[in-house]
Amino acid sequence: MERLLTTSHAYLTWRLAPAPAAPWAVAGAVAPDAVAIVAGVTLAGRGHRGPELLRRVYQQGAAARITTVMHSALAPSAVLSGHPGPRRFAFAVGWAGHLAIDYLSHHSDAWPPLFPLSGRRFASPVSYWQSDHHARALSAVEAAGLAALALTDGSRWRRAVGLLAAVIAALPALFPRFFAAHEDALVEIDRPAEDGDRPAIDP
């Protein structure tokens, strides 16, 4: 499901970033999910489905380790090291914005913000996919916010992209049974991590 909500990160960043910096900021906003998207599409093409696919993308192997590192706050901080120019600064800000939203919208699959220095995760009371943590309400708010931004967008092309992102964001509210199946798959893989895997939530 990361590849769906990445559209929200991308459009929100595109809409809010200053025009000269927007392409770099959008690239930064997409960067944390890039490896997971590529790995998910590749594995799906090889026939992997459901919990097995999610486990391979998010918990086991190189893709999971890289994706966890890219969801650490240390990653955009490293991009800002030295004397970054405006493009690198915009890229890091877009990346940090993505992480801030993720930290506020993941519960049982929360990211460890200081990985690899610490595997400790902080579960948000709100989840973008877990029905018992306000997923449908969050979906409705996200979709409405994106639609409002899109409808007031002066660019016709960007307005169309924004409305598409709003429709995608509304999917958990519109098709709760589909996302319930996704929830069941993620619950099935929610287990203590093996060495090198994405860390489990601290009790």
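1. The crossing of helices α2 and α3 is right-handed, a term used when the near helix is turned clockwise from the far one by less than a right angle. Helices here are DSSP runs (H or I, at least four residues) numbered from the N terminus. This is a predicted model, in which local features need pLDDT of at least 70 and side-chain atom pairs count only at pLDDT 80 or more, while totals for chains, interfaces and linings use all residues. Residues are numbered from 1 along each chain as its sequence is written, and side-chain values use heavy atoms, with hydrogens and water left out.

2. Helix α2 covers residues 22–45 and helix α3 residues 50–58, and the two pack at an angle of about 145° with their axes 9 Å apart; axes are lines fitted to C-alpha atoms over the stretch in contact, and angles run from 0 to 180 degrees between N-to-C directions. On the α2 side A36, A39, G40, L43 and A44 meet L53, R56, V57 and Y58 of α3, contact meaning heavy atoms within 4.5 Å.

3. S72 lies in the loop between α4 (61–70) and α5 (74–79). S72 is buried, with a relative accessible area of 1%, where buried means under 20% (1.4 Å probe, protein chains only). Beyond its neighbours within four places in sequence, S72 is in contact with residues including L99, Y103 and F115, and its side chain reaches the backbone oxygen of P113 at 3.2 Å.

4. On confidence, the chain averages a pLDDT of 86, and 84% of the residues score at least 70, pLDDT being the predictor's confidence in each residue, from 0 to 100. Over residues 191–203 pLDDT stays under 50.

Terms used
Buried means under 20% relative accessible area, exposed over 50%, partly exposed in between (1.4 Å probe, protein chains only). A polar contact is a pair of N or O atoms within 3.5 Å; within protein, one must be able to donate a hydrogen and the other to accept it, and residues adjacent in sequence count only if both atoms are side-chain atoms.
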